[in-house]
Amino acid sequence: MVQRTPAAPSAETTSPKAARGRAAPGERTGTRTGVGSGGEGRGVAGAAMPAVFVLLWSSAFIAGAIGVDAAPPLLLIFARFAAAGILLAGYAIAVRAPWPRGRALAHLAVSGLLIQAVQFGALYSAMAMGLPAGVVALVQGLNPVVIALLAARVLGERVTGRQWAGFGLGAAGVVLAVADRIAFSPLGVVLCLVGLLGLSLGTLYQKRHVTDMDVRTGTAVQFLVAAPPLGALSLLTETPAVAHWGAFGASLAWMVAVNSIGVFLLLNTMLRRSPASTVATLFFLTPSVTAVLAWATIGQALHPLTVAGLVLGGAGVLLAGRR
């Protein structure tokens with residue numbers, strides 16, 4: 001697990017002051033801006049972090065599609081965050097990890113509600129309405145564009161022409177990845193857009209206000225804050241009953257251990273080290289990777305357009321990740 005450091009890279013890493021070779025506020029000297037390429041991220045582990053993140057994040061759509069067939073979506077997400085938060089908090093207490101307090105705790109609570117409760121409550125509800133996992137991943141894959149549009153104003157991050165070209169390639173890859181399998185559901189699409197805004201705004205908020213946190217306790221706080229409102233909404237709007245315990249248990253176990261604890265430790269670590277717009281480019285890959293995983297695990301056909309989308313999305317990530 002990543003230990004707490006005295007200061008973490010912040011939005012100022014892309015300011016002109018930092019570009020001249022001097023450390024911006026909150027940035028360690030010598031830290032690069034590429035995803036996972038900071039001082040702590042050098043080496044094999046740092047280089048592999050983005051690829052592992054994309055693979056594990058994409059797997060959440062497969063687990064979610066299975067889970068919402070077995071139980072109501074908000075009940076599933078409540079159980080996911082409650083279990084993950086308790087497990088991660090227990091581990092953090094056992095290793096005596098430092099906990100956030102005061103204003104830092106409040107900022108983490110806000111980011112947790114946006115990134116966890118709003119995003120996943122909306123996205124999994126859309127899947128429960130019949131929207132295919134690939135389409136949900138498609139909408140979420142537009143996150144880098146939303147981040148890029150807002151990051152310059154909110155975080156002061158500079159977006160170069162090369163990065164905009166990468167965003168264009170990535171967006172084209174996202175569309176190609178699922179172009180032949182889009183099923184239209186107006187309310188489901190609206191929910192996907194709500195989930196996208198939750199992820200994008202939560203990412204920007206965290207990058208701006210939470211620049212120094214222990215990823216173990218910070219992630220635990222986010223889960224524990226997100227669980228109660230989701231549980232309350234489940235009681236108010238759903239019949240909280242499990243139809244298929246085997247599928248529910250398998251889906252929940254994967255989402256807790258992998259998609260919650262593992263993935264969000266990676267995400268929070270990368271947000272500490274790299275600009276938000278750079279981290280966000282990884283989401284261009286999720287629709288194509290989700291389609292590949294669906295083909296490998298549940299037998300969905302892998303179409304040529306999906307392969308083309310994967311290639312374009314990868315090129316977009318490589319281009320947008322460069323300054």
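This is a predicted model: local features need pLDDT of at least 70, side-chain atom pairs count only at pLDDT 80 or more; totals for chains, interfaces and linings use all residues.

User: Where does Arg96 sit?

Analyst: Arg96 is in the loop between helix H3 (73–94) and helix H4 (102–128). Its phi is near 60°, which is a positive value in a residue other than glycine.

User: OK, zooming out. How many helices and strands does the protein have?

Analyst: There are 13 helices and 0 strands. Along the sequence, the pattern reads α-α-α-α-α-α-α-α-α-α-α-α-α.

User: And how much of the protein is buried?

Analyst: Of its 323 residues, 55% count as buried. The protein exposes about 13100 Å², and carbon and sulfur atoms supply 70% of that area.

User: What about contacts between residues at least 6 apart in sequence?

Analyst: Among those contacts, 86% join residues at least 24 apart.

User: Can you show me an example from inside a helix? Say, where is Ser59, and is it buried or exposed?

Analyst: Ser59 belongs to helix H2 (residues 44–68). Its relative accessibility is 11%, so Ser59 counts as buried. Leaving out residues up to four places away in sequence, Ser59 touches Trp254, Val258, Asn259 and Leu293.

User: New topic: aromatics. How many aromatic pairs are there?

Analyst: The structure holds 9 aromatic pairs. One of them is Trp57 with Phe120: the ring centres are 6.0 Å apart and the planes are at 45°, so this pair is tilted. The pair links distant parts of the chain, with Trp57 in helix H2 and Phe120 in helix H4, 63 residues apart.

User: Are those two buried or exposed?

Analyst: Both Trp57 and Phe120 are buried. Phe120 also pairs with Phe81: those ring centres are 6.0 Å apart with the planes at 75°, so that pair is edge-to-face. This pair links distant parts of the chain too, with Phe81 in helix H3 and Phe120 in helix H4, 39 residues apart.

User: What are the accessibility values for Phe81 and Phe120?

Analyst: Phe81 has 0% relative accessibility, so it counts as buried. Phe120 has 4%, and therefore counts as buried.

User: Which residues form the aromatic cluster?

Analyst: One aromatic cluster is formed by Phe53, Trp57, Phe81, Phe120, Tyr124, Phe223 and Phe264.

User: And what lies over the face of Phe120?

Analyst: That would be Arg80, at 4.5 Å from the ring centre.

User: Let's stay with H4. How does it pack with helix H5?

Analyst: H4 and helix H5 (residues 133–140) pack at an angle of about 145°, and their axes are 9 Å apart. H4 passes H5 in a right-handed crossing. On the H4 side the contact is made by Gln119, Leu123 and Met127, and on the H5 side by Ala133, Val136 and Gln140.

User: What about Leu113, which helix is it in?

Analyst: Leu113 is in helix H4. Its relative accessibility is 34%, so Leu113 counts as partly exposed. Not counting residues up to four places away in sequence, Leu113 touches Val118, Val225, Ala226 and Pro229.

User: How far apart are Leu113 and Gln222?

Analyst: Along the sequence Leu113 and Gln222 are 109 residues apart, but in space they are 7.0 Å apart, C-alpha to C-alpha.

User: So where's Gln222, and which residues does it touch?

Analyst: Gln222 lies in helix H9 (residues 215–237). Its relative accessible area is 1%, so Gln222 is buried. Not counting residues up to four places away in sequence, Gln222 touches Leu108, Ser111, Gly112, Gln116, Gln206 and Asn268.

User: Last one: tell me about Ser111.

Analyst: Ser111 is placed in helix H4. With 0% relative accessibility, Ser111 counts as buried. Leaving out residues up to four places away in sequence, Ser111 touches Gln116, Gly202, Tyr205, Gln206 and Gln222. The C-alpha atoms of Ser111 and Leu199 are separated by 9.0 Å, though these residues are 88 residues apart along the chain.

Key: Residues are numbered from 1 along each chain as its sequence is written. Side-chain values use heavy atoms; hydrogens and water are left out. Helices (H or I, at least four residues) and strands (E, at least two) are DSSP runs, numbered from the N terminus. Buried means under 20% relative accessible area, exposed over 50%, partly exposed in between (1.4 Å probe, protein chains only). Contact means heavy atoms within 4.5 Å. Rings of Phe, Tyr and Trp (its six-membered ring) pair if their centres lie within 6.5 Å; planes under 30 degrees apart count as stacked, over 60 as edge-to-face and the rest as tilted. A charge sits over a ring if NZ of Lys or CZ of Arg is within 6 Å of the ring centre and within 35 degrees of the ring normal. Accessible areas come from the Shrake-Rupley method with a 1.4 Å probe; for residues, only the protein chains shown count as cover. Axes are lines fitted to C-alpha atoms, for helices over the stretch in contact, and angles run from 0 to 180 degrees between N-to-C directions. A crossing is left-handed if the near helix is turned anticlockwise from the far one by less than a right angle, and right-handed if clockwise.
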